[in-house]
Amino acid sequence: MKSIFDKLSVDICRHTTKTYSTSFSLGIHFLNHSLRDSIYSIYGFVRLADEIVDSFSGYDQKKLLDEFRIKTYEAIEYKISINPVLNAFQDIVNKYGIPLELIDVFLKSMEMDLQKVDYTHEKYQQYILGSAEVVGLMCLCVFTAEKPGLYEELKPFAMKLGAAFQKVNFLRDMKDDYAVLGRIYFPNVTMSSFSSDVKSQIEHDIEHDFKSALSGIKKLPNSSKAGVYLAYVYYMALFNKIKKLPAHRILHERIRINNGKKFGLMVNSLIVNKMNLV
C-alpha cells in the first residue's frame, strides 16, 4: 500500500529536521498537530537541496542539483516519487497549491551556491529571496490554507521573518561559510573589512526585519502562531547574543544557544502565547 510509503516519506523528513535543526524542530512541535508533517516535508526538501550545494564537495554538485530539480517537478506532476523526501514534498505542494514559482526561485538560489559569487546588494537580495523568503511563503501556504485571503495579507511579514532568520544564520556561520565554503554573503563585505561599524549596519537591517515580522506573527491563525513565535524567540535570542559580541569573535567562532537556554525560551514563549500576549 502506498500509504505505508507515504508515512515512511514523512517520517524521513521528520528525522531529517530533527537531525539538522533543533530550533526548527522545537518550533514545529508547537504547531497544531495537523500542520507538523507538512512543515517537516517542506524542511526536508529544503535541507536536501542545501546539502547538495554545501556538503557534497568532491561530487558533481551541479549535476546532482540539476537532477534534483528535474525529479522535483516530476514528483509534483506525477504525484509520487521513489525519493521519500520528494514524495512527501510533492504531496504538500499539491495539497496546498504551493506555487511552482516559489520552488523555482528557491532552486535558483541554490544554484548560486555552486560558484563563487561576489555579492552586491542586488545579488544579496536575490539570494535572500530564494533561500529564505520563499521558504517562509511555502510554510505560509500551509498555515493559511483555511483562510486563503490571509496569505496575501501576511505574505510580506512571512518574507521578512525568513529574511531575518537567514541573515542571523549568515552572521552565526561567517567563520565556517568562509573557511569551509569560501563564501561571504553580505554585500561588499570581506573578512578584513568586517568591522564593528559593518556589523552594526547589518544588525540594524535585521532588527527592522524582526520588528516587521512580529506584526505578522500576531495575525497568524492559532494553529500556527505558537510554533512560529517560538522560532522567532529562539532566533531573537541568538541575534541578541551575537549583537553583544565584538566583530572579531563572529569571525572566529560559531555562536550558539545552549539547550538549557533553549528550554527556558520555549517555556517562556509558551506562557506568552497562552496568555495571548503575542
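Author: Touching, or contact, means heavy atoms within 4.5 Å. This is a predicted model, where local features need pLDDT of at least 70 and side-chain atom pairs count only at pLDDT 80 or more, while totals for chains, interfaces and linings use all residues. Residues are numbered from 1 along each chain as its sequence is written, and side-chain values use heavy atoms, with hydrogens and water left out.

Reader: Is Val168 buried or exposed?

Author: Val168 is buried, with a relative accessible area of 0%. Buried means under 20% relative accessible area, exposed means over 50%, and partly exposed is in between (1.4 Å probe, protein chains only).

Reader: And which helix is Val168 in?

Author: Val168 is in helix α8. Helices are DSSP runs of H or I with at least four residues, numbered from the N terminus.

Reader: How far is Val168 from Tyr235, C-alpha to C-alpha?

Author: Their C-alpha atoms are separated by 7.4 Å, though the two residues are 67 apart along the chain.

Reader: What does Phe210 touch?

Author: Not counting residues up to four places away in sequence, Phe210 touches Ala164, Phe165, Val168, Tyr232, Tyr235, Met236 and Phe239. Phe210 is also among the residues that touch the most other members of the largest nonpolar core, along with Ile42, Phe45, Ile98, Phe106 and Phe194. A nonpolar core is a set of buried Ala, Val, Leu, Ile, Met, Phe, Trp, Tyr and Cys residues joined through side-chain atoms within 4.5 Å.

Reader: How many residues are in that core, and which helix gives the largest share?

Author: The core has 88 residues. Helix α8 (residues 148-172) gives the largest share, 13 residues. At least three residues come from each of domain 1 (1-115) and domain 2 (146-277); those bounds come from an automatic or database domain assignment.

Reader: How far apart are the centres of the two domains?

Author: Taken over C-alpha atoms, the centres of domain 1 and domain 2 are separated by 22 Å. The contact takes 13 residues from domain 1 and 16 residues from domain 2.

Reader: Back to α10. Which residues there are buried?

Author: Val198, Lys199, Ile202, Glu203, Ile206, Asp209, Phe210, Ala213, Gly216 and Ile217. They cover an arc of only 125° around the axis, so they sit on the same side of α10. That arc is the one made by the directions from the helix axis to the C-beta atoms.

Reader: What does that side pack against, and what's on the face turned away?

Author: The buried residues of α10 pack against α8, α11 (222-243) and α12 (247-252). The face turned away carries the exposed residues Asp197, Gln201, His204 and Lys211.

Reader: New topic: where does α7 bend?

Author: α7 bends by about 40° at Leu129, the bend being the angle between axes fitted to the seven residues ending there and the seven starting there. Of the 23 residues in α7, 17 are buried.

Technical notes
Helix = DSSP H or I, 4+ residues; strand = E, 2+ residues; numbered from the N terminus.
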